[in-house]
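Please look over the sequence and the model shown here before reading the report on one of its chains and on the interface that this chain forms.

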Amino acid sequence: MKKTSRILAIAALMSSAAMVNAETLRWARAGDALTLDPHSQNEGPSHTMRHQMYEPLIIRDTDGNFVPTLATDWAPSAENPNIWVFNLRKGVKFHDGADLTAEDVVFSFERAKQPTSDMKELIGSITAVRATGDHTIEIETDGPNPILPSNLTNLFIMDKGWTEANNTTKVQDFEGGEITFATTNVNGTGAYKLVSREPDVKTVMTRNDDYWGRDEFPMEVSEIIYTPIQNAATRVAALLSGEVNFLQDMPVQDLARVDSADGLTVKQAPQNRVIFFGMNQGADDIEADNVDGKNPLADVRVRKAMSMAINRDAIRQVVMRGQSVPAGMIAPPFVNGWTAEMDAESSTDVDGAKALMSEAGYADGFSIRLDCPNDRYINDEAICQAAVGMLGQIGVKVNLDAKPKAQHFPLITDGKTDFYMLGWGVPTYDSEYIFNFLVHGRESDIGTWNGTGFDNDDLDAKIESLASNTDLDARNADIASIWRTIQDEQLYVPIHHQVLNWGMSDGVGIEVDPEDQPRVKYFTMK
Amino acid sequence: MGTESFKMLHFIFKRVLQSLLVLLVTGAIAFSMFTFVGDPVENMLGQERTMEDVERLRSQLGLDKSVPVQYFRFLTEAVQGNFGVSYRQGRQVSVILMERAPATLELAALSALFAVALGIVLGVFTAIRRDGFAANFIMSTSLIGVSLPTFLIGILLIYLFSVTLGWLPSFGRGDVVHIGSWTTGFLTESGLKALILPSITLGLYQMTLIMRLVRSEMLEVLRQDYIRFARARGLSDRVINFRHALKNTMVPVITVIGLQLGAIIAFAIITETVFQWPGLGLLFINAIQFVDIPIMAAYLMMISVMFVVINLFVDILYAFIDPRLRTAAK
């Protein structure tokens with residue numbers, strides 16, 4: 001009995017000791033970073049981890065605006081339209097004390113262009129990077145590139161001297177199972193320094209008091225303890241019990257619970273990801289339906305009717321528990337080219353949809369298979385289930401085939417599905433990115449995610465011209481006209497924009513980032 | 001060499017061959033299943049990848065080859081101690097497995113200890129006091145241990161002891177101490193506290209199983225004549241129950257415990273997922289979701305080797321104990 005009470009007393013002491021150290025951010029999310037090498041693995045959680053310790057030239061704020069980071073200002077060169085000039089911040093030091101110079105930036109860009117780099121596609125247009133002064137660089141592209149800065153927000157800068165001294169100049173060959181110095185060690189310019197890391201278990205970082213923005217940003221977190229917790233119920237329990245005080249990847253069903261718990265808050269913001277259905281309109285006949293010799297999806301009236309049958313408000317309320325914003329176009333709201341008018345174009349009209357179906361000759365409907373992931377987007381399978389019922393109202397009998405993402409996505413990229421769910425985020429915040437992957441006719445290196453069979457040569461030419469159009473007004477007009485075609489063709493059936501939720505204890509102050517990239521230097525702690 | 005020992009060697013040789021065959025077949029089944037798990041390349045490359053990237057990576061990983069070729073390649077490499085490279089972590093599989101093994105083995109050891117110790121004590125108790133209120137209470141609550149799924153027990157324990165009472169951590173291993181390549185949670189307070197809930201969750205089923213087994217064996221033995229004689233001789237209850245009765249119930253109990261040890265390691269998957277326990281089970285679950293074939297293959301082979309070895313030992317032990325099995329094996 002005595003022993004039990006002693007254990008209880010120790011337990012109580014332990015938990016109160018944990019409460020006193022309020023500047024520690026105990027942070028959990030579902031997955032871990034895959035590597036620390038800044039140029040290997042272009043993937044969300046890996047970038048999140050790097051953003052605490054490394055820095056790119058530019059980052060984005062929560063509204064999607066550029067924020068000068070290692071570069072203080074940038075502009076296209078007056079003489080040569082193919083060149084951008086970046087002025088670097090002065091007085092920046094790496095964690096080991098070395099100064100940031102133009103040489104380091106040139107070196108980092110060259111490193112990121114290596115064949116094993118995962119970042120090489122994003123900077124594929126860059127032909128040369130030159131240091132034109134101690135703190136000035138020039139970036140030359142293969143043609144005028146008006147949106148180059150958009151591609152640099154996850155391109156981290158390393159110290160040339162440190163990287164060479166530790167023989168880690170070559171980007172980790174991830175698939176080849178290579179472990180290099182840079183995969184487990186960090187020397188960045190960021191606000192936090194690496195203390196220890198066990199992959200998939202725990203990563204500890206400490207505040208960099210020599211950080212260039214020490215006085216500019218709150219930086220109230222002195223220590224970060226990052227632990228991936230995969231099981232959703234365990235993750236929420238850890239937040240409820242106070243073992244962690246900041247949580248990403250909040251399960252939708254626990255939001256109300258966490259929000260109503262004492263001392264905990266849930267904050268939300270629209271995420272940079274839109275969910276939609278794709279329909280194969282290009283094939284003469286499709287396998288996944290019961291109509292022989294014809295493809296009902298080739299008829300725009302059928303595609304419109306299917307969109308009109310979807311009740312997005314019902315999905316929002318019932319499936320998503322209020323955690324979504326119904327969508328009318330397949331661009332997230334911060335993206336250049338998004339308009340409120342087009343995003344409101346989806347309407348629910350079952351009678352109108354039935355009329356369109358009979359006009360198109362499918363008054364009795366048809367049956368089709370819907371391919372859906374079950375572990376990729378928030379409530380993905382449940383959304384598809386809801387859609388099955390809604391489409392049934394206009395006679396489209398849907399057989400739902402839900403699979404893990406590793407089996408679902410190959411169906412789209414290999415063209416083996418005629419009706420599928422897909423979600424899309426836009427890291428460049430520009431419509432060109434959407435057109436390149438989802439609208440342009442499918443070729444080996446463009447239109448790779450366009451599973452609709454849609455292939456319009458005039459539109460393709462217009463999309464390709466966007467890359468080098470420096471007249472931004474004309475470019476935006478082109479973007480608007482491409483969107484008009486997509487909307488009129490009902491190329492996709494937009495469902496909704498995902499909403500991002502972060503759970504935290506009341507003392508933690510941070511606004512939700514639409515790209516799900518918390519940057520701890522902005523956190524306040526009470 | 002006598003005929004007896006020759007027979008024995010012959011028996012062992014045959015059993016080892018059979019075991020190897022079982023391993024080969026298990027591996028073949030596992031490999032043919034990997035094709036249904038999905039395409040690992042999809043997870044490894046970002047959404048910006050081109051078709052060339054996909055093809056290059058496929059051929060680099062040997063995924064463009066047929067399943068038998070992939071399996072053969074795995075076997076020849078595995079025999080040389082090379083299990084390949086994890087697709088998700090980009091590190092040697094053998095290194096990762098070695099890193100994760102201590103967590104699972106420590107958890108399994110503590111769960112086994114909990115299951116065996118409590119199982120025997122409660123089993124004896126419920127057998128001796130078989131009509132008492134306490135015994136009946138234990139017997140009926142033990143039904144929970146058998147009938148509730150592991151993940152539910154884990155989550156219930158977390159909500160009671162972590163969220164509501166705040167006594168024990170809900171996830172992880174706490175602080176661990178490195179001893180060579182081994183990491184242990186037995187030497188720190190947070191490490192020990194972190195072990196409690198997962199061990200109970202993992203061991204509860206085995207504990208009830210052992211308790212019920214001990215109880216029925218005890219009841220059987222207590223009816224035997226020699227126990228009555230012992231009573232007639234006026235021996236104390238304690239001596240009768242623990243020296244004479246319990247000893248004779250232990251033979252089948254030990255066999256079951258031995259087989260269950262393998263099960264504890266293999267079935268740690270669910271417990272480890274619920275408690276974010278950084279062991280082999282969690283590694284395996286992550287590997288399935290990511291279609292990390294090298295990890296899945298190595299883990300499945302490791303588990304099947306473990307079961308095959310345990311069964312082999314049990315068979316050989318039986319043969320030593322019971323000569324009839326040797327002749328029957330001819």
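## Overall build of chain B

The model is a predicted one, and in it the secondary structure of chain B amounts to 14 helices and two strands. The C-alpha trace of chain B spans about 85 × 65 × 35 Å along its principal axes.

Of the 330 residues in chain B, 37% count as buried. Among the contacts in chain B with a separation of 6 or more, 70% come from residues 24 or more positions apart.

## Packing of α5(B) and α10(B)

Helix α5 of chain B, residues 93–128, packs with helix α10 of chain B, residues 237–266, at an angle of about 150°, and their axes are 11 Å apart. Because angles over 145 degrees count as roughly antiparallel, α5(B) is roughly antiparallel to α10(B). The crossing of the two helices, α5(B) and α10(B), is right-handed.

On the α5(B) side the contact is made by T104(B), A108(B), S111(B), A112(B), V116(B), V124(B) and I128(B), while α10(B) contributes N241(B), L246(B), I257(B), L261(B), I264(B) and I265(B). By class, the residues of this contact divide into 10 nonpolar, three polar and no charged.

## Interface with chain A

Between the chains, 40 residues of chain B are in contact with 40 residues of chain A. The elements of chain B that give two or more residues to the side touching chain A are α2 (40–44), α3 (51–61), α7 (150–164) and α11 (268–274).

The residues on that side of chain B comprise 18 nonpolar, 16 polar and six charged.

Note on methods: Residues numbered from 1 in each chain as written. Chains lettered and ligands numbered in written order. Predicted model: local features only at pLDDT ≥ 70, side-chain atom pairs only at ≥ 80, totals over all residues. Contact = placed C-beta atoms within 7 Å. Helix = DSSP H or I, 4+ residues; strand = E, 2+ residues; numbered from the N terminus. Nonpolar A, V, L, I, M, F, W, Y, C, P; charged D, E, K, R; others polar. Axes fitted to C-alpha atoms, helices over the stretch in contact; angles between N-to-C directions. Parallel < 35°, antiparallel > 145°, perpendicular 65-115°, else oblique. Left-handed = near helix turned anticlockwise from the far one by under 90°. Buried ≥ 20, exposed ≤ 12 C-beta atoms within 10 Å, placed from the backbone.
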